[in-house]
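This report describes one protein model, beginning with a single residue and ending with the chain as a whole. Please keep the sequence and the structure in view while reading.

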Amino acid sequence: MDFGLSDEQEMIVSTVRSFVEKEIYPHEAEVERTGEVPPGLGEELKRKVIELGFYACNFPEEVGGAGLSHLDFTLVERELGRGSMALTHFFGRPQNILMACAGEQKERYLLPAVRGERMDALAMTEPEAGSDVRGMRCTAVRDGKDWIVNGTKHFISGADHADFFIVFVATGVDETPKGPKKRITCFLVDRGHPGFTVRDGYRSVSHRGYKNCVLEFSDCRLPEGQVLGEVDGGFAVMNEWLYATRLTVAAFCVGRARRCFDMAVEYAAQRKQFGQPIAGFQGVSFQVADMVTEIDASDLLTLMGAWRLDKGLPANREIASAKVHASEMLAKVTDTTLQIFGGMGLMDDFPIERFWRDARVERIWDGTSEIQRHIISREIFRPLGA
């Protein structure tokens with residue numbers, strides 16, 4: 001067993017961490033205060049990432065990406081987790097599901113996304129369909145060679161900057177022994193397409209500046225060529241390309257926790273009470289010990305999930321374990337860091353209160369902690385027929 005990083009991987013970590021510290025950190029306070037990314041900053045960040053050669057680094061070289069392995073890309077995401085999500089969004093990691101593009105779709109969507117010319121957003125969640133994906137009510141009905149889409153999507157991250165959307169819609173119902181089961185199809189939809197509107201979503205206490213939007217479809221007519229993958233094959237496309245996004249969340253949580261931990265350690269070593277640094281009190285030092293232990297455990301779970309993907313091994317349970325452990329770990333680490341900072345931790349003089357608020361959503365999106373535990377237990381009991 002080799003737990004060391006190669007020289008190339010060390011270079012990836014160093015490069016991305018340096019970028020986050022130099023290009024992201026200086027703008028975080030303004031984004032937090034205003035809830036907006038300053039005009040032009042996103043494009044400037046994107047340009048610098050392209051110059052670094054890291055834009056769309058999660059895509060293979062044959063389509064213009066950097067061709068990083070799952071493990072290498074997880075290291076990238078771990079370092080990006082240290083910074084504001086509203087700003088690291090422009091580091092540019094298009095949805096891997098675009099690799100399902102065929103024919104003309106490659107020139108219109110895949111290649112421009114990889115080159116940084118067009119940005120995408122994934123649209124799956126609805127007001128009545130969160131964890132229950134098949135409960136979606138947004139529908140598409142055939143009309144000749146076209147599809148007519150009606151319905152609403154919400155909590156769509158990054159939609160305010162997206163040029164096109166990857167949208168999952170119900171396109172029929174199958175009767176099964178367990179009851180009706182909706183068929184799902186994936187569509188590519190351009191911003192500004194007739195019958196399709198994007199509007200502001202909800203104000204969130206987490207990740208200010210990284211906005212969510214509401215998508216509305218009203219008799220939106222889409223030609224057959226906008227189907228991504230096969231008709232009624234949305235779940236196949238989803239399972240092939242999207243489940244690894246949980247690994248991205250886990251990596252983000254590890255990176256953010258490392259930043260919190262570093263701040264907690266430095267503060268505890270400097271802050272004095274009763275005539276000595278508070279790091280000398282077991283009430284603090286033992287908390288720090290627990291923090292680093294939990295962070296390391298999440299890190300190893302996350303890297304193992306990525307390693308298994310690279311080896312072509314089953315990784316569903318391992319990735320779910322990484323996601324649930326890392327997201328819950330981050331909640332503990334941010335809360336403990338705030339406790340170590342005391343009252344100052346709640347003041348906006350430090351980013352601790354922001355990290356604390358941001359951490360809460362990680363246990364919800366990309367599959368709640370409850371869904372991850374369902375996946376883990378299902379993988380354990382399914383072979384036993386239970």
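Gln-105 lies in helix 5, which covers residues 104-115; helices (H or I, at least four residues) and strands (E, at least two) are DSSP runs numbered from the N terminus. The model is a predicted one, in which local features need pLDDT of at least 70 and side-chain atom pairs count only at pLDDT 80 or more, whereas totals for chains, interfaces and linings use all residues. Residues are numbered from 1 along each chain as its sequence is written, and side-chain values use heavy atoms, with hydrogens and water left out.

Is Gln-105 buried or exposed? With a relative accessible area of 7%, Gln-105 is buried (buried means under 20% relative accessible area, exposed over 50%, and partly exposed in between, with a 1.4 Å probe and protein chains only). Leaving aside residues up to four places away in sequence, Gln-105 touches Ala-100, Leu-110, Leu-188, Gly-225, Gln-226, Val-227 and Leu-228; a contact means heavy atoms within 4.5 Å.

The aromatic rings are the next topic. A pair of aromatic rings is described by the distance of the centres and the angle of the planes. Rings of Phe, Tyr and Trp (its six-membered ring) pair if their centres lie within 6.5 Å; planes under 30 degrees apart count as stacked, over 60 as edge-to-face and the rest as tilted. The whole structure holds twelve aromatic pairs, and two of these are listed below.

| Pair | Centre to centre | Angle between planes | Type |
|---|---|---|---|
| Phe-274 and Phe-281 | 6.2 Å | 85° | edge-to-face |
| Phe-341 and Phe-350 | 5.0 Å | 70° | edge-to-face |

Phe-274 has a relative accessible area of 78% and is therefore exposed, while Phe-281, at 29%, counts as partly exposed. In the other pair, Phe-341 is buried at 5% relative accessibility, and Phe-350 is partly exposed at 27%. One aromatic cluster is formed by Phe-19, Phe-54 and Phe-91.

Finally, the chain may be viewed as a whole. Its secondary structure comprises eleven helices and ten strands. Of the 386 residues in the protein chain, 48% are buried. Along its principal axes, the C-alpha trace spans about 80 × 55 × 40 Å. Among contacts between residues at least 6 apart in sequence, 74% join residues at least 24 apart.
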